[in-house]
Structures are given as C-alpha cells and as structure tokens.
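Hi,

Here is the structure I said I would pass on. Have a look at it first, then read my notes below.

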Amino acid sequence: MTEQNTALNPEDSRTSPVESAKHADKTIIKVVDMHKWYGTFHVLKGLNLDVNEGERIVICGPSGSGKSTFIRCINRLEEHQRGQIIVDNVELTDDVKQIDTVRKEVGMVFQHFNLFPHLTVLENCCLAPLWVRKVPKREAEATAMEYLERVKIPEQAHKYPGQLSGGQQQRVAIARALCMKPKIMLFDEPTSALDPEMIKEVLDVMVELAGSGMTMICVTHEMGFAKTVADRVIFMDEGEIVELAPPEEFFTNPREARTQQFLKQILHH
Amino acid sequence: MSLPSELPPRQEIGVIGWVRKNLFSSWYNIVLTLVAAYLVVTSVGPLLNWVFLEATFTGETAADCSGEGACWLFIGQRLNFFIYGFYPDALQWRIDIMFGLLAVAFAPQFIERFPARKWFGIFGLTGLPLIGYILIPGGWFGLEEVPSSRWGGLMLTLILAYVGILAALPIGTVLALGRRSDMPIIRGLCVVFIEVWRAVPLITVLFMASVMLPLFLPDGVNFEKLMRALIGIILWQSAYMAEVVRGGLQAIPKGQYEAASALGLGYWRKTGLVILPQALTLVIPGIVNTFISLFKDTTLVLIIGLFDILGAVQSTITDPAWRNVTTEGYVFVAFCFWIFCFGMSRYSQNLERKLDTGHKS
Ligand SMILES: Nc1ncnc2c1ncn2[C@@H]1O[C@H](COP(=O)(O)OP(=O)(O)O)[C@@H](O)[C@H]1O
Ligand SMILES: [Mg+2]
C-alpha cells in the first residue's frame with residue numbers, strides 16, 4: 001500500500017496551467033497525467049485537469065470516449081493505474097481511509113438514479129448522513145426535508161422510489177447526494193434516461209445548485225445547460241481531453257477539428 | 001345455502017356466468033368437469049366417512065375402536081408421547097411454556113394490524129431460543145436436569161428445525177458474502193465449504209456426526225448425540241442457504257453498490273443497509289423453501305436413534321395392544337408437518353407482500 005502525501009501544500013495548485021479568473025484560485029480537484037486501462041484496453045490516456053473551488057465544469061464527447069470512467073475515477077468507483085488524482089487535498093490511492101474521506105466530500109448522481117428501492121425517499125436521503133456522518137436522526141431528517149424542498153418534492157418524502165416518475169427520482173437522487181453536504185458534485189448524464197418533459201425539472205434543480213456556488217462536474221449533452229452554467233467545457237474523445245475552454249469560446253470558436261465535428265452533429269439534429 | 005337477499009341479481013348472473021365460462025365452455029371442458037366431479041364425489045365421501053363419521057374419538061383402549069373409520073382414540077391416548085417423547089411428565093410444563101411462547105411470538109405475525117408485532121418476532125428469534133436453552137435441558141437455577149436422550153416427539157422435531165433454521169440463515173448469508181468476496185483466500189474457503197457440504201446427503205452427515213465425529217475428537221471431549229446432530233444439520237443447511245442467498249446477491253444491480261459506495265458507505269454498511277435487505281427480500285421464496293425442506297428432513301435423525309415425531313409414532317404403531325393403526329399414525333404425522341410448513345409458506349407470502357415496494361431497481 002502506498003503511503004503517499006495526504007495533505008498537499010495548497011501553494012502547489014497556484015501553478016496550475018488553466019485557471020478560471022472568475023473564482024478564487026483554490027484547487028479542489030487536481031488530476032495529473034492520469035491513465036486507466038480496462039484489462040489491456042487503454043480507456044483514459046493521460047488526463048490533466050485542475051478544478052477550482054466553486055467551478056462548474058461540463059464534459060461532453062461521443063459515447064464510449066471515457067467520460068463516465070473519468071468522473072468515476074474522481075470518487076474512486078474506478079481505480080486509475082497511473083498518474084495522480086487529488087481531491088480536496090487527499091490523494092486517491094489504495095488506502096481505504098483516504099477513499100472514504102474523499103467519498104464523504106464528493107456526491108454523485110447517476111444516469112439511472114440508483115435510488116435504494118427498499119427505502120422511502122426520506123430514508124434514502126438520511127441513510128448516509130446517519131451512518132457515515134453520524135448525524136442524529138432528527139437532524140438528518142430535518143436536513144433531508146430541507147433538500148427535498150429545494151428539489152421541490154417534499155410531499156413525496158414518505159413514498160418509495162418505485163412510486164415516483166423518472167424526473168422525481170432523479171431529483172431525489174440529487175437531494176440524497178446533497179444531504180451529505182458534499183463539497184463537490186459529480187453528475188453522469190443525469191438527464192439521459194429521462195423523458196423529454198422531465199428533463200427541464202432536473203436541469204432547473206442543477207442550475208439552482210450551480211448558482212449556490214457548488215463545485216460541479218457534469219457529463220451531459222445538454223448544451224443549453226453548458227452555455228448558461230459552465231465555467232469551462234471539456235470535450236473528450238478516445239480517452240483524451242481534446243478541448244478545454246470557457247463556453248463562449250468552446251461553442252463559437254472551437255480550436256480542434258474533432259470538437260467542431262462533434263458540435264456540428266450535436267447542435268444540428 | 002341461500003344468498004343474502006340484498007345481493008343484486010347481477011352478481012348471481014356473475015356466478016352462473018363464471019360457472020358457464022370456466023366449467024362448461026366447450027364439450028371437452030364439460031367432460032373434464034364431469035370426470036373431476038365424479039372423482040371428487042367418489043373419493044370425498046369415503047374419506048369423510050373414515051376421518052369423521054365412522055371414526056372413534058373417545059374411549060380407553062383398543063377395544064373401543066370397533067367402527068370402520070379411523071381410530072383417533074389411539075392418537076389421543078399416545079399424544080403425550082408424540083409431543084414430549086420421554087420427557088418426564090412432571091416437568092412437561094417447561095415444554096408447554098415453550099409452546100406457549102412460540103405461539104405468542106409467531107401468531108401475531110399472521111395478523112396484519114397487530115400492534116408491535118415486529119417486536120414479538122424479534123423476541124421469537126432472540127429471547128425464545130435463549131429461554132429454551134435454559135428451560136428445556138434444565139440444570140440451571142434449580143431446574144431439574146433432563147438429558148437430551150429423553151427428549152423426543154414433536155418437541156424434538158421443533159428444536160431441530162428451529163435451531164437449524166435460526167443458525168443456517170446468518171451462517172449461510174456470511175458464506176454467500178464470502179463467496180463473492182474480493183479476497184481469494186476467504187472466497188476459496190467459502191467455495192470449498194459450500195461445495196463439500198452441499199454435495200453430501202444429510203443422512204451421511206448425520207451418520208458421520210454420530211459415529212465418526214467422536215473418533216476424531218480428543219479423549220474427554222464429547223458432545224451429546226443431539227448436539228452433534230444439530231451441528232451437522234446446521235453446517236449442511238448453511239451450505240444450501242448460502243447458495244440461495246447468493247442468488248439474491250447476484251440479482252442486485254451494480255448501480256446499487258455504486259450508489260452506496262459513492263455515498264461513503266463502507267463494505268459492511270453497504271452490505272447490511274443496502275444490499276442484503278434487497279437480496280434477502282428477493283429470495284424469500286427460496287429461503288422458505290429451504291426452511292420447509294429442512295423441517296421435513298429432520299425426520300432423518302431417526303437413523304441415529306433420535307425419536308422425533310415420526311420416530312415416536314413409528315415406534316408406537318407396532319404396539320400389539322392396538323389393532324392396525326398405521327394409517328392413523330402416518331396421517332397424524334403428515335398433518336403435524338403440514339400445519340407448520342403451511343404456516344411458514346403463508347407467512348412468507350405475507351412478508352413478500354409487505355416488503356414489496358413496487359419497484360425492483
Ligand atoms: N467495466 C468495464 N470493462 C471494460 N470496458 C469498459 C468498462 N466500462 C467501460 N468500458 C469501456 O470503456 C470505454 C469508455 O466507457 P465510458 O467511460 O462509459 O464512456 P462514456 O461514458 O464516454 O460513454 C468504452 O469503450 C467502454 O466500452
Ligand atoms: Mg457514460
């Protein structure tokens with residue numbers, strides 16, 4: 001087991017190559033030359049990324065380009081084999097304690113919601129605060145209700161996930177992640193499994209969340225969302241970050257040919 | 001029986017309609033209905049006669065059983081032996097208390113609106129066996145000791161099944177988790193355990209437990225025969241249970257594990273709070289099926305000289321004092337088993353309905 005650094009000097013992050021002028025320059029996620037293989041298949045080929053606190057990043061790219069794999073590495077649902085990932089000053093290694101520390105601070109929302117079907121909405125939201133953060137029950141429930149109100153479904157608190165629509169389930173999933181009071185939220189195509197009329201209700205919640213100063217990384221093909229909310233947009237293809245730019249530049253003046261082609265496909269169909 | 005007058009005629013038409021649609025819809029349906037009706041009438045009549053109308057219920061000795069019907073008198077006369085085995089008469093109140101507690105713990109489970117029935121169930125799984133452990137063998141708190149060689153009948157059947165069931169579910173669950181573990185040594189041990197025990201017939205296990213185990217144990221260390229049989233049953237049953245539970249674990253989508261991990265739940269909490277509740281709910285029919293077959297398999301202890309209810313009845317029906325009562329004896333045993341197994345089956349259906357939250361994610 002590697003005993004590498006846990007507490008990085010915050011000064012390091014000041015030297016990061018890409019920086020958003022809008023935000024305080026405190027790096028909260030740092031990815032350095034990160035590689036991942038599935039067996040012999042090289043999925044992620046040397047990714048570099050610095051994310052500042054409060055920054056909103058949108059990742060897009062063709063299916064199979066490694067977007068999901070990338071953000072799942074950030075909370076160690078997948079492990080990387082080379083390079084470094086440092087989240088909130090904790091490096092992700094085999095050390096289980098460090099992984100747990102990171103996961104407490106990183107919330108994740110999945111394409112297929114992944115709510116726990118045997119628990120009510122409220123119980124879904126309270127589970128991790130109760131058992132991981134050891135919050136007293138009353139407090140956990142109060143917090144849960146607060147977030148359920150924020151995603152506009154407090155009246156569903158005592159239903160089971162199976163009794164809700166897709167859009168409602170996804171909003172519960174967002175509330176569930178927020179109940180852990182994470183510093184970072186990861187979204188993996190949160191609207192891709194939804195019927196068109198439900199996409200907006202989920203996006204509204206995400207826009208509201210972005211306005212609150214949460215650090216967010218969203219894999220999504222909702223380009224409207226990217227334009228209005230993102231600080232930077234990443235285009236990934238074949239396991240590489242091909243382009244990384246503020247949305248104005250990304251959409252009006254993409255540098256790479258592959259990005260231009262992708263945008264043409266996604267915006268004109 | 002006449003229908004209550006307030007029933008609207010539409011419903012009556014409904015009944016006739018149902019009969020016509022389901023019993024007389026076509027010529028072969030009519031033939032089937034008539035044949036079935038003939039069989040029912042010809043068999044139910046004599047059966048009723050034998051079981052009730054011509055049967056003997058009261059009396060003292062075999063001589064009172066003169067009718068053509070069943071001699072239930074025999075069961076009544078020997079009931080004490082069938083239920084308690086050789087347990088001393090004066091101490092049978094201890095077993096009666098256990099029967100009472102068993103009923104108190106589990107009868108509420110069949111009544112939907114019973115208050116705090118969950119706690120009755122929890123008592124049945126924790127307090128009840130503990131009390132039984134003190135009360136049945138005695139030897140504690142001034143209770144007279146009753147060696148396990150004197151236990152028998154229904155009481156012994158229930159002890160074997162109850163302990164086997166109670167121990168096999170948790171041990172089987174741990175084995176199933178072990179078999180899916182990332183750690184090769186743990187996984188290997190669990191696979192070997194499961195595959196060895198599952199491949200051996202229970203009869204062999206019981207024989208080994210009663211005959212061979214003492215040979216391997218160091219001098220001076222010895223368990224009672226009943227204890228050895230119980231250990232054998234538990235280990236054998238755990239291996240079966242492990243495979244049932246593993247089936248449930250495999251049916252849980254990967255997303256559930258990932259969501260739990262992403263929330264920061266470690267292995268044990270993830271397993272205990274998210275995975276197992278779903279996996280076990282999913283395999284309730286399989287679990288209860290295993291329980292039911294264990295309950296019936298306990299009759300095999302007969303071959304190592306333990307007198308469970310079947311053994312008790314079998315040893316009595318050869319009694320020359322009674323005329324041929326073989327059928328009565330076996331019908332009685334079958335009925336006892338049926339009561340408990342049917343109870344388990346009904347309970348599992350209740351549980352399944354209650355735990356169904358309308359969505360398998
Ligand atoms: N568990 C896995 N084992 C092997 N290959 C995988 C696994 N998960 C994903 N892949 C492969 O890795 C590549 C990237 O997948 P993914 O990150 O899901 O892409 P995206 O989210 O951009 O569509 C794909 O080619 C996919 O087939
Ligand atoms: Mg994906």
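Below is what turned up, starting with how the two chains meet.

First, some ground rules: residues are numbered from 1 along each chain as its sequence is written, and chains are lettered from A and ligands numbered from 1 in the order in which they are written. This is a predicted model, where local features need pLDDT of at least 70 and side-chain atom pairs count only at pLDDT 80 or more, while totals for chains, interfaces and linings use all residues, and side-chain values use heavy atoms, with hydrogens and water left out.

On to the interface. Chain A puts 22 residues in contact with 20 residues of chain B (contact means heavy atoms within 4.5 Å). About 2,000 Å² is buried between them, 64% of it from carbon and sulfur atoms (buried area is the accessible area, with a 1.4 Å probe, that two parts lose on being put together, summed over both). In chain A, A:Phe116, A:Pro117 and A:His118 lose the most area to chain B, together 27% of what that side buries.

There is one salt bridge across this interface (a side-chain nitrogen of Lys or Arg within 4 Å of a carboxyl oxygen of Asp or Glu). A:Arg72 forms a salt bridge with B:Glu258, with the closest N and O atoms 2.6 Å apart.

Now a residue in chain B. B:Val333 counts as buried because its relative accessibility is 5% (buried means under 20% relative accessible area, with a 1.4 Å probe and protein chains only). Leaving out residues up to four places away in sequence, B:Val333 touches B:Ile309, B:Leu310 and B:Val313.

Cheers

Technical notes: Buried means under 20% relative accessible area, exposed over 50%, partly exposed in between (1.4 Å probe, protein chains only).
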